[in-house]
Amino acid sequence: MTWADWVRGVEVEPSIYAADFARLGSQLEALLDAGARIFHFDVGDGHFIGEITIGPVVLRSIAGLVHERGGSLDCHLMVSEPERQFESVKEAGGDSVTFHVEVAADPARTIARARELGLGAGVAFNPETPVAQAAAAAAGADLALCMSIHPGLSGQKFMPEALGRIAELRRSLPDTVLVQVDGGVHADNIRTIHDAGADLLVAGSAVFWQDDPGAAYRGLTADLAAARSVS
Ligand code: DX5
Ligand code: ZN
């Protein structure tokens, strides 16, 4: 299974980092019932980013539930030395790894290592990183992830200058590479972000910090469907 099998055109990916971990299983069930199939899973090491987030122990506890419903786990590694984590992510049930170009000495080799392990491969880049550098690194990947916040925490505001960067990224990449956007995606900007060129829209607080995460997910996908039908 690869990204080509998982992606149904455009996807809203609930970002599990923003979940209520006392109720994680029931929140994921509700999102699967609402139609979500690709889940974004943020690993932070307290070094590449200041925060220690979630890792293989949590991944392992949810992988069965997500996979038995036909879902996949898209792991965003906000860590130094990302290759060191690939095996444990794979063993815990991760389906794809996205590493940051800022900490990859040889991105092509890192992509190849992910593929050797049977993982999808993505290249992420921070707001300060030149788009051209990220696009060159991601040319052979499944996706390129344009950060629209400084990575670290859910609930930050979308940086408006990301829109131009998303468009430049889309223009710079082959059609085979999906464009993902992470940070500050909400109902009031999701159409604009999609129109700029994003295929994969990560949404943390816009899904999990709402009274009804399933309804919030459905609302975001409806906003996207409306955007697609007029484009
Ligand atoms: C933070 C993470 C994000 C985060 C997004 O750096 O990479 O995936 O959960 O949360 P929102 O959608 O609330 O900005
Ligand atoms: Zn993320």
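Ala, Val, Leu, Ile, Met, Phe, Trp, Tyr, Cys and Pro count as nonpolar, Asp, Glu, Lys and Arg as charged, and the others, Gly among them, as polar. With that in hand, turn to the structure above. It is a predicted model.

## The cavity

Start with the empty space. Rolling a probe the size of a water molecule over the atoms shows where such space is left. Searching the whole structure turns up 1 cavity of 30 Å³ or more. The largest cavity holds about 180 Å³ of space. Its lining is made of 21 residues. Closest to the centre of the cavity are Ile-149, Leu-153, Ser-154, Asp-182 and Gly-183. Two elements, β8 and α9 (205-208), each give two or more residues to this lining. By type, the lining has 10 nonpolar residues, 9 polar ones and 2 charged ones.

## The ligand inside

What takes up the space of the largest cavity? Ligand 1 does. The elements that give two or more residues to the shell around ligand 1 are β2 (38-44), β3 and β8 (200-203).

The shell around ligand 1 has 19 residues. Ser-15, Gly-152, Asp-182, Gly-204 and Ser-205 come nearest. Sorted by type, the shell has 7 nonpolar, 10 polar and 2 charged residues. Asp-182 is named here among the nearest to ligand 1, and Asp-182 is also among the residues closest to the cavity centre.

| Residue | Part with the N or O atom | Distance to an oxygen atom of ligand 1 |
|---|---|---|
| Ser-205 | side chain | 2.6 Å |
| Gly-155 | backbone | 2.8 Å |
| His-76 | side chain | 3.4 Å |

How much of ligand 1 does the protein bury? Taken alone, ligand 1 exposes 390 Å², and the protein buries 100% of that.

## A loop residue

One more residue deserves a look. Glu-81 sits in the loop between β3 (72-78) and α4 (83-92). The phi angle of Glu-81 is near 50°. That is a positive value, in a residue other than glycine.

Conventions:
Residues are numbered from 1 along each chain as its sequence is written. Chains are lettered from A and ligands numbered from 1 in the order in which they are written. This is a predicted model: local features need pLDDT of at least 70, side-chain atom pairs count only at pLDDT 80 or more; totals for chains, interfaces and linings use all residues. Side-chain values use heavy atoms; hydrogens and water are left out. Helices (H or I, at least four residues) and strands (E, at least two) are DSSP runs, numbered from the N terminus. A residue is near a molecule or strand if one of its heavy atoms lies within 4 Å of it. A polar contact is a pair of N or O atoms within 3.5 Å; within protein, one must be able to donate a hydrogen and the other to accept it, and residues adjacent in sequence count only if both atoms are side-chain atoms. Accessible areas come from the Shrake-Rupley method with a 1.4 Å probe; for residues, only the protein chains shown count as cover. On a 1 Å grid over the protein atoms alone, a cavity is a set of points where a 1.4 Å probe fits but cannot get out, and a pocket is an open set with protein on both sides within 12 Å along at least five of seven lines; lining residues have an atom within 4 Å of a point. A molecule sits in a cavity or pocket if more than half of its atoms lie within 2 Å of its grid points. Grid points are joined across faces, edges and corners, and a volume is the space filled by probe spheres set on the points.
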